[in-house]
Amino acid sequence: MFLKKIFFVSAFVIYANLFTYSQDNSWALVMSKNTGHTSSIWRTRTYFPEQEIKEHWDKGYYITNLTYNKGLWALVMAKGTNYTEQMWRTRAYFPEQEIKEYWDKGYYITKLTYGNGLWALVMSKGVSFTAQIWRTRTYFPEAEIKENWNNGYYISNLVYGEGKWALVMSKGTGFTDQIWRTRTYFPESEIKEYWDKEYYITSMAYKEGQWTVVMSKGTGFTSQIWRTRTEYPEKEIKEYCDKEFYITEFTSGYYNNQQPVIEEHNEPPLITISEPYLDRGFKIVNEKQIKISGNAKDNDGISEVVINNVRANVDLDGNFYAYVVLNEGDNIIEVKAIDKKFAASTKSFTINNKPKVNQEPIKYTGKRLALVIGNSNYLHGGKLLNPVNDSKSMKLILESLGFTVLSCENCNQKEMKVIIDEFGEKLENYDVGLFFYAGHGVQLNGYNYLIPIDAKLENEKDVEYDCVQAGRVLAKMESAKSKTNLIILDACRDNPFERSWTRGQSAKGLAFMNAPSGSLIAYATSPGNTASDGKGSNGLYTSAILDLIKQPNIKIEELFKKVRIRVIEESGGKQTPWESTSLTGDFYFTKEN
């Protein structure tokens, strides 16, 4: 048994997927949303699918699932895993030597299964893991699991084969909590219980009449389904692939549900719209984007709400909101709510975006220029859900408040530096400058750095060469001598690159920066702390700003105080926005007499 600690760049959080084999089995399928995968293929073969693996490796796919049941090897490969290299081996004995050999080369176990008298091992590079252990035991390894939980490891593979349990636990999974249950029946009720607590299935194993399910928090999944079938569940796979689910677990075992199955009629959610106020299902506005909010009520709980293909922010009570871009003229708004048993309902209404005749112009203070950057699709650090949506929403609302807006989405380092320099040159002719950034950021040696999408930060020394120092923006603003300068940084998300660094001069979140005279710097959370990426289309912090920024006659200091109160309340006290200011005059985003 070996413990190997290799610090390696995290490009993607790998979710545990597990496969086992037992005679007289059913197929047990688990599919999840928000896996990070962009495409997948599956194949069944009576022989080990060596040729199929090589063929799809050449097309950029990597093995994510592999299992054996009823004389068939079932292979699943996916794009979007962020693996960089992969190997597999089949052995008639447990592949201890092969594991040790490839650990030394920077690979980690991402799949281990047993079938047809063979152990099948898959190891990959480019995973988020920073350390890994394995154990084999003839008994269920309960003590080993608890011991390594206490050391910061989580179960990433669990399989039964050749008369023994094989346990793999890893650091750097991204999980925040984990439970396991063993039952003599398929653990349907336990799965439902922990789904309600925001845990998702990450491993499932079967051993001689006993099911074991592992469920974890912090997977990033937003929805999940499971199905048990006596035949290979191709129809179900296709059905849920069309709904943007991907296979995250595929195993086999005897389905013996001792609890009586009661057919229930699943009522769909009841949707009510609270904003905007509708007159007979119709609303006239003069806006480029609008906030849609309301409530979806369902006894089974709400899994997600989607508004015109934009995923809404939803709380535990079913209250939802999202910002939707409007075209000129009539806009059909469709709100779709899905409960946790996948019953869905839709509510539609029309919003007419029509400029008012003789509309009194909104009063602004001085000429205004903004630079808005949102980075989501990191090539080596996984994908963030919100930043590009945040930047798009912020651009529209700033334009409606009299700003000329420069913008860049998913920018590499060169693009970020070029547009920051352009912003600095143009700002000389403006009274107010505003910089908004959403994406990954990191502090090092007391300086804050914004992370471009092409950064490959294998260690701390790469930061100053691959990133953009936030001070570059401040310097451009000071040089332009604009009267009022505002910087808004929604860049305090957990940094995935740090998992592979030896802790040195870097720390969590962003560092405190002194605001030069005439400026205000706003952070999504307090210095040294991190903020979440949110579960809807916009992040929690940016959503609060979007919601409050158009209120007239509010000084900017008071505006951010309201934002802080909103975020603290909605995060349950886990996130506290922060500002540093040296403004010498009053600034209002909009004023009315």
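Modeller: In what follows, helices (H or I, at least four residues) and strands (E, at least two) are DSSP runs, numbered from the N terminus. By that reading the protein chain has 11 helices and 35 strands. The model is predicted, so local features need pLDDT of at least 70 and side-chain atom pairs count only at pLDDT 80 or more, while totals for chains, interfaces and linings use all residues. Residues are numbered from 1 along each chain as its sequence is written, and side-chain values use heavy atoms, with hydrogens and water left out.

Colleague: What is the mean pLDDT of the protein chain?

Modeller: pLDDT is the predictor's confidence in each residue, from 0 to 100. The chain has a mean of 84, with 86% of its residues at 70 or more. Residues 1-23 are below 50, yet beyond near neighbours in sequence this stretch has 144 contacts in the model; a contact means heavy atoms within 4.5 Å. Residues 499-506 also stay under 50, with 35 contacts beyond four places in sequence. Where pLDDT is low, the predicted coordinates should not be read in detail.

Colleague: How many of the residues are buried, as a percentage of the 593 in the protein chain?

Modeller: Buried means under 20% relative accessible area, exposed over 50%, and partly exposed in between (1.4 Å probe, protein chains only). Buried residues make up 56% of the 593. Strand E16 (residues 246-253) is mostly covered, with eight of its eight residues buried. Seven bridges join E16 to strand E2 (residues 26-33), and the two run antiparallel. Within that pairing, Val-30 stands opposite Glu-249.

Colleague: Which residues have the most contacts inside the largest nonpolar core?

Modeller: A nonpolar core is a set of buried Ala, Val, Leu, Ile, Met, Phe, Trp, Tyr and Cys residues joined through side-chain atoms within 4.5 Å. The largest one here has 40 residues, and those with the most contacts inside it are Leu-371, Ile-373, Phe-435, Tyr-437, Ile-487, Leu-489 and Ile-521. Helix H7 (residues 413-427) supplies the largest share of this core, five residues. Leaving aside residues up to four places away in sequence, Ile-487 touches Phe-435, Val-473, Leu-474, Met-477, Leu-520, Ile-521 and Ala-522. A second, separate core of 35 residues includes Val-372, Leu-486, Leu-540 and Phe-589.

Colleague: How many aromatic pairs does the count come to?

Modeller: Rings of Phe, Tyr and Trp (its six-membered ring) pair if their centres lie within 6.5 Å; planes under 30 degrees apart count as stacked, over 60 as edge-to-face and the rest as tilted. The count comes to 24 pairs. Phe-186 and Trp-226 have ring centres 4.8 Å apart and planes at 50°, so this pair is tilted. Phe-186 lies in the loop between strand E12 (177-183) and helix H4 (188-195), and Trp-226 in strand E15 (residues 223-229), so the pair ties together parts that are 40 residues apart in sequence. Both Phe-186 and Trp-226 are buried. For Phe-587 and Phe-589 the centres are 5.2 Å apart and the planes at 85°, so that pair is edge-to-face. Phe-587 and Phe-589 are buried too. Elsewhere, Phe-48, Tyr-68, Trp-73 and Trp-88 form one aromatic cluster.

Colleague: In what order do the four strands of the open sheet come?

Modeller: Two strands pair if DSSP finds at least two bridges between them. The order is E17-E19-E23-E22, with antiparallel pairing. Strand E17 (270-275) and strand E22 (313-314) stand at the edges with a single partner strand each, so one side of each is left without a neighbour in the sheet. Two bridges join E22 to strand E23 (residues 319-325), and Val-314 has Phe-320 in E23 as its bridge partner.

Colleague: Where is Pro-276 placed?

Modeller: Pro-276 is in the loop between E17 and strand E18 (282-285). A cis peptide bond joins Glu-275 to Pro-276, with omega about 5°.

Colleague: Is Asn-309 buried or exposed?

Modeller: Asn-309 is exposed, at a relative accessible area of 78%. Its loop runs between strand E20 (302-307) and strand E21 (310-311). Phi of Asn-309 is near 70°, a positive value in a residue other than glycine. Asn-553, also not a glycine, has a positive phi of about 65°. Asn-553 sits in the loop between helix H10 (540-548) and helix H11 (556-570), and at 38% relative accessibility counts as partly exposed.
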